[in-house]
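Thanks for coming. I have one structure to show today, and I will stay with one part of it. Please have the sequence and the model open while I talk.

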Amino acid sequence: FSSLWGGVPVCSEIAASGGPGRAEEVGEPADAERTWVFPASSGTTGEPTRIARTAANQAAEAANVVGTAGISASDVLLCPVPLFHALGQFCCLLAGVRAAATLVLLDDSADGTSADGSGADRTRADSTGSGGTGAGAPGPGGTPAERIATAVQRHRPTIVFGVPRLFEGLLELPPERAPDLSEVRLCLSGSTFLPAELVERFRARFGVTPRQTYGSTETGSVA
């Protein structure tokens, strides 16, 4: 990140200082107009394609997400979506870095567990990790919804990111396996349209309203 944001310290500097700096101390991107990343589009209208994004564009999106969602260093962000797509890489990872929040990434290692055996990796947002699966067949640690429920129980996130199928999967869990979302203040859905009836069913069961992010891989999240 030192090549992206000149004001962001490297991990060794963070460890030596006893913790990450405040979000407002982050400087402007170095060489801001250069292309520095090629995220994959979601593929909702065709085959996924690589999209060129500049450092300035990414810094602006991170600041927008943090400001709009009110993300702070006290938040715990649960990111169960792949980091090679815009939702995971920019709304989760870079927003977490910008706010110095705690980031929880689902682990896709061979045995489905992280080093502490939890099935998720809780880390300060000054380091990266593997992205989780989006939706579909069960992985080593169970279905995506089951793995999210386990991560919620263990890490008590305040913000949960996902796609509509993941929120649908949580609704399909039986009562004894459903997560306790009482500490979640915000659920953000991206990558495709969030049906209104899904929002109502999720709110009725869990007491939190999923919110639709608006944007694209090309432009970033704008609302």
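Start at Thr 209, which sits in the loop between helix 6 and strand 8, the strand being residues 210-212. This is a predicted model, so please take everything I say as computed from it. Is Thr 209 buried or exposed? Its relative accessible area is 16%, and the limit for buried is under 20%, so Thr 209 counts as buried. Its side chain makes a polar contact with the side chain of Arg 203, at 3.2 Å. If we set aside the neighbours within four places in sequence, Thr 209 is in contact with Cys 187, Val 199 and Arg 203.

Helix 6 covers residues 196-206, and Gly 207 follows it with a positive phi, near 80 degrees. Which residues of helix 6 are buried? They are Leu 198, Val 199, Phe 202 and Phe 206. Looking down the axis of helix 6, these buried residues fall within an arc of 100 degrees, so they line one face of the helix. On the other side, Ala 196 and Ala 204 are exposed. What does the buried set pack against? The partners are helix 5, strand 7, which is residues 186-189, and strand 8.

Next, the aromatic rings. How many aromatic pairs does a search of the whole structure find? The count is 2. One is Phe 167 with Phe 202, edge-to-face, with 5.4 Å from centre to centre and 85 degrees between the planes. This pair links distant parts of the chain: Phe 167 belongs to helix 5, residues 164-172, Phe 202 belongs to helix 6, and they are 35 residues apart. Phe 167 has 2% relative accessibility and so counts as buried; Phe 202, at 0%, also counts as buried. Phe 202 also pairs with Phe 206, and here the arrangement is tilted, with 4.7 Å centre to centre and 45 degrees between the planes. Why are Phe 202 and Phe 206 separated by about one helical turn? Because they are 4 residues apart in helix 6. Phe 206 counts as buried too, because its relative accessibility is 13%. Taken together, the ring pairs link Phe 167, Phe 202 and Phe 206 into a cluster.

Phe 202 comes up again in the nonpolar core. The largest core has 47 residues, and those touching the most other members are Ile 71, Leu 78, Phe 161, Leu 170 and Phe 202. Helix 3, residues 86-99, gives the most to this core, with 7 residues. Apart from it there is another core, of 5 residues, including Val 37, Ala 86, Phe 90 and Leu 94. Back to Leu 170: not counting residues up to four places away in sequence, Leu 170 touches Ala 145, Ile 148, Pro 179, Phe 202, Arg 205 and Phe 206.

Arg 205 lies in helix 6 and is partly exposed, because its relative accessible area is 33%. Beyond its neighbours within four places in sequence, its contacts are Leu 170, Leu 171, Glu 172, Leu 173, Pro 174, Pro 175 and Ala 178. Arg 205 and Leu 171 are 34 residues apart along the chain, and their C-alpha atoms are separated by 7.8 Å.

Conventions: Residues numbered from 1 in each chain as written. Predicted model: local features only at pLDDT ≥ 70, side-chain atom pairs only at ≥ 80, totals over all residues. Heavy atoms only, no water. Phe/Tyr/Trp six-rings, centres within 6.5 Å; stacked < 30°, edge-to-face > 60°. Helix = DSSP H or I, 4+ residues; strand = E, 2+ residues; numbered from the N terminus. Buried < 20%, exposed > 50% of the residue type's maximum accessible area, 1.4 Å probe, protein only. Polar contact = N/O pair within 3.5 Å; in protein donor to acceptor, adjacent residues only side chain to side chain. Contact = heavy atoms within 4.5 Å. Arc of directions from axis to C-beta. Core = buried A, V, L, I, M, F, W, Y, C linked by side-chain atoms within 4.5 Å.
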